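This briefing covers strand pairing, helix packing and overall composition. Please look over the sequence and structure before reading on.

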Amino acid sequence: MVKTVAGIEAPGERKYFRNLKATLVKQFRKEQRETEQQSGANLPEAGSKFKEMSQQENLALMLKFNPQMFSFSTFTMATALPFVSGPQISTMGPLIGKGMYGSGPFRFDPWEMYKANKISSMSAVLLGAVGEGKSSLAKSIALRFLLHGRKLAVMTDSKGEWTDVVQRAGGSVIEVGPGRPARINPLDPGTRPSRMTNGDPMTDEGWKSMVRSRRMSLLKTLIGILILRDLESTEHSALSHALDASVGKYGTEHVVLPHLVEFLRSPDPDMDPSLRRAYLNLSYALDRTKEGDLAGMFDGPTTVSFDASKPAVSVDTSALSGASAEAKRIVSACVGNWVEAMVTNPDGGQRLCVYEEGWDNINSEADLERMVVSWKLARHYGIFNLLVIHKLGDLNLAGDSGSRMNTMAQSLLADAGIKIVYRQDESELKHLADKLGLSDRECDIVRSLKKGQGLWRINQDSYCVENVLTAAEKALLNTDKRIVEGLADEEWDEVA
Ligand SMILES: Nc1ncnc2c1ncn2[C@@H]1O[C@H](COP(=O)(O)OP(=O)(O)O)[C@@H](O)[C@H]1O
Ligand SMILES: [Mg+2]
């Protein structure tokens, strides 16, 4: 007969674990008292302190350590409990929660895991039904990565639910939409990286050509949204000439959309008539950006800055909820280009890029193209992408099966090294099981998952993980509280 603690053979271990538990509990209580005194939050203060905080100061000590003593014969150990404990993916990195079948703490650091060849790509897709804890997982991962000196970019936040998190991390939130003060210049040159995509140092010429191609691509997308078709070749040349002329006259740092419209509005009278017509067509199309729900958003210099050195940035587009589909797509194209220029700067450090409720992006060709590139080049840029959707069917919003858009959307799943599955509706599960190659046992596990629990599929291995939130995280991440706060007293009584 041998004594074991959590499966480890035990001579002398019992005392060791008792002492360890006492030390951890003491330390945990001390920290909890201190952090609760500081405005009741266990989260780190904003700014540079993030980088300095060690692993011991994060969630590790918030979990109770409670070893149990068991007596087994070695025969029983080998036969009755052969697979009781699941595998551990990593012993390094931020703690995300606990393995559900005895595999201990679950730590996750994609940068380290990629280096150790444990994952094949720096992107993940997180799927699950509404209210199962997807956003909470994404936010707690983000907060803990921030503690480890990583940065955060929330590429899309259509409900504004990341604002508290980003502000708590000392980051900046950019609110765009009708009536909001932020103005975005689609011709903004963006951030100049120190290196070109081939790794060579960035030259003035290289930067000039990068800015020009970014501007042309964004203008083509923007006009395409306004005229509901691709540009014809004469329109393409007209746009190209007018862009060069307005940059020549107003300077690359200062050029704005109205300058471009001014050139398009006054084509040379000697110009070929078809080119002249193209100039005027484009000017009429761009006039739309001055009217209705688009007015005031794109017609001047950028009024907010994306400070790449800040630990976190997010774009809150909740003000667009009642705006036209056109307005949403244009904002998303402009902002997406802008944020992308920042996060795809190889000098930007390691950054988590979250696409929260990402089906809006999947719907838009420009966004989808950007995401596909970001998936392919994530490692090069030092980013880790996390796309949060409800179900696989969301990927089909991109277009009919077999279409270019659909193929791009499916590649986001296929090229994601990590798939995290939260509880799914039964109708979705079969499709998901086929697509991810889940076994019957894994399907049963997905069926039985509770809020905050997920099946992490990493390469061909599965890990069942319960995301454990600290008290402060729970308060910060509670998405139900908005519903509760919005209730009248009598409704609240009913809920209570
Ligand atoms: N691991 C967890 N532990 C405790 N509460 C959780 C956990 N995950 C989520 N919740 C709570 O459940 C609610 C819904 O979670 P949310 O992350 O918004 O779900 P989803 O994004 O899947 O719709 C939130 O109020 C959140 O506080
Ligand atoms: Mg959510």
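**Strand β9 and its partners**

Strand β7 (residues 151–157) runs parallel to β9 and is joined to it by four bridges; two strands pair if DSSP finds at least two bridges between them. Strands here are DSSP runs of E with at least two residues, helices are runs of H or I with at least four residues, and both are numbered from the N terminus. This is a predicted model, in which local features need pLDDT of at least 70 and side-chain atom pairs count only at pLDDT 80 or more, whereas totals for chains, interfaces and linings use all residues. Residues are numbered from 1 along each chain as its sequence is written, and side-chain values use heavy atoms, leaving out hydrogens and water.

- Five of the five residues of β9 (residues 312–316) are buried, so the strand is largely enclosed by the rest of the structure; buried means under 20% relative accessible area, with a 1.4 Å probe and protein chains only.
- In a regular strand, side chains alternate between the two faces of the sheet.
- From β9, A312, S314 and D316 point one way, V313 and V315 point the other way, and all are buried.

**Helix packing**

- The axes of α7 (residues 204–227) and α10 (residues 273–287) come within 9 Å and cross at roughly 80°; axes are lines fitted to C-alpha atoms, for helices over the stretch in contact, and angles run from 0 to 180 degrees between N-to-C directions.
- Helices α7 and α10 are therefore roughly perpendicular (65 to 115 degrees).
- L222, I223, L226 and I227 of α7 meet L282, A285 and L286 of α10, where contact means heavy atoms within 4.5 Å.
- By class, this contact of α7 with α10 has seven nonpolar, no polar and no charged residues.
- The axes of α11 (residues 325–343) and α13 (residues 365–381) come within 11 Å and cross at roughly 5°.
- That makes α11 roughly parallel to α13 (angles under 35 degrees).
- S332, A333, G336, N337, E340 and V343 of α11 meet D367, R370 and Y381 of α13.
- The contact of α11 with α13 has three nonpolar, three polar and three charged residues.

**Whole chain**

- The protein chain has 19 helices and 14 strands.
- Of its 496 residues, 48% count as buried.
- Among contacts between residues at least 6 apart in sequence, 72% join residues at least 24 apart.

How values were computed. Chains lettered and ligands numbered in written order. Parallel < 35°, antiparallel > 145°, perpendicular 65-115°, else oblique. Nonpolar A, V, L, I, M, F, W, Y, C, P; charged D, E, K, R; others polar. Buried < 20%, exposed > 50% of the residue type's maximum accessible area, 1.4 Å probe, protein only.
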